[in-house]
Amino acid sequence: MSGHRGELCEGVAASRLAAGMRELRGRTGLSLAALSARTPYSKSSWERYLNGKKLPPRGAVEALCRLAGEPAGRLVALWELADAAWSRRAAPSVRAEPAAPPGPALPREPSGPAGPPARPPLSRAVAAVAAGACVGVLAVGAALAFWAGEGRVSGPAQRAVPSSSAVTGCRGRACDGKDPQSMFCGGAGLVDTPLERTATRGQRVQVRYGTVCGAAWGRLRNGRVGDRIEVWVPGSAPRSVRVRDRFDAEGYLVTPMAAARGPRGIRLCLYPAGGAAKECFPG
């Protein structure tokens, strides 16, 4: 059971590593092409690292932290945990070693029941991250729930009143300016979609409201390079995001969050690439 829990914890570390890297990349304002130009890693590699499709090398994590002016300790600790999980999955099955030639008998230490070979101990920093990443099974559930919820539009079945014990990374004003992905605010059952529209050129825009986090954000799909969306929440600063490259355009793109007391009164505007007239959608 403890080994299974360890694998789950390391899986959470991999998810949080990718989310943390996306947050840092947003802070730098650099496109994937610009990241490639400033580091030894290709644009397609950065796309896989940031979306959690492939574990990045440690050097990529450290390079991104340098570009964002962020101390590397937290993300490197997450990387060590995630690397342990990826290494375990990639390890070939253990085969019997050929018998060694007979030699002089050596005294044997007393031993308990046979078990798998011990793994090297994790560093103190990694152990601390493991403790934080694995506070009960709810943390794992929150990670899985986020990806389930952000992958589709919420419907009636997803709008049940969430439990107050739901695990999120922030609530209310503490969510201002934060990434909804890394804060796990968009999980199934934790989010509503009070506004959804199709713009003139086919872009799909949404307002998402995290019912547990108490914050709202905009979401764009089918955008074009240069498109920008901005979301206004009464009493909070507007938050925006721009489509910087085709990788942004191919998936969902979300703005940072703005604290909101409810889903009403939120407005989202789309600023199309090329200077076309903006389109605004009141909530």
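Predicted model: local features only at pLDDT ≥ 70, side-chain atom pairs only at ≥ 80, totals over all residues.
1. Let's start with the largest nonpolar core, which has 25 residues. Leu17, Met21, Trp46, Val61 and Leu75 are the members that touch the most others. Helices H1 (2-28), H2 (32-38), H3 (43-50), H4 (58-68) and H5 (73-90) each give two or more residues to this core. The largest share, six residues, comes from H5.

2. Setting aside residues up to four places away in sequence, Leu75 touches Leu17, Gly20, Met21, Leu24, Val61 and Cys65. Of these, Cys65 is buried, with a relative accessible area of 1%.

3. Now look at Arg58, in helix H4. Is Arg58 buried, partly exposed or exposed? Its relative accessibility is 35%, so Arg58 counts as partly exposed. Beyond its neighbours within four places in sequence, Arg58 is in contact with Val76, Trp79 and Glu80. Asp83 is 25 residues from Arg58 in sequence, and their C-alpha atoms are 9.1 Å apart.

4. Next comes an open sheet of four strands, in the order S5-S4-S8-S9, with antiparallel pairing. Strand S5 (239-242) and strand S9 (279-282) are the edges, each pairing on one side only. From one strand to the next, the twist averages 15 degrees. Four bridges join S4 (residues 228-232) to S5, and Val231 has Arg239 in S5 as its bridge partner.

5. On to the disulfides. Cys170 and Cys175 have their sulfur atoms 2.1 Å apart, and both residues are buried. The torsion about their S-S bond is about 110 degrees, so this disulfide is right-handed.

6. Cys185 and Cys213 are joined with an S to S distance of 2.0 Å. Here the torsion is about -85 degrees, so the disulfide is left-handed. The pair links distant parts of the chain, 28 residues apart: Cys185 is in the loop between H7 (136-150) and S1 (191-198), and Cys213 is in the loop between S2 (204-210) and S3 (215-221). Both Cys185 and Cys213 are buried.

7. Finally, a disulfide joins Cys269 to Cys280, S to S 1.9 Å, and the link is right-handed, with 105 degrees about the S-S bond. Cys269 lies in strand S8 (residues 267-271) and Cys280 in strand S9, so the pair ties together parts 11 residues apart in sequence. Cys269 is buried at 0% relative accessible area, whereas Cys280 is partly exposed at 29%.

Methods. Residues numbered from 1 in each chain as written. Heavy atoms only, no water. Core = buried A, V, L, I, M, F, W, Y, C linked by side-chain atoms within 4.5 Å. Buried < 20%, exposed > 50% of the residue type's maximum accessible area, 1.4 Å probe, protein only. Contact = heavy atoms within 4.5 Å. Pairing = 2+ DSSP bridges. Axes fitted to C-alpha atoms, helices over the stretch in contact; angles between N-to-C directions. Disulfide = S-S within 2.5 Å.
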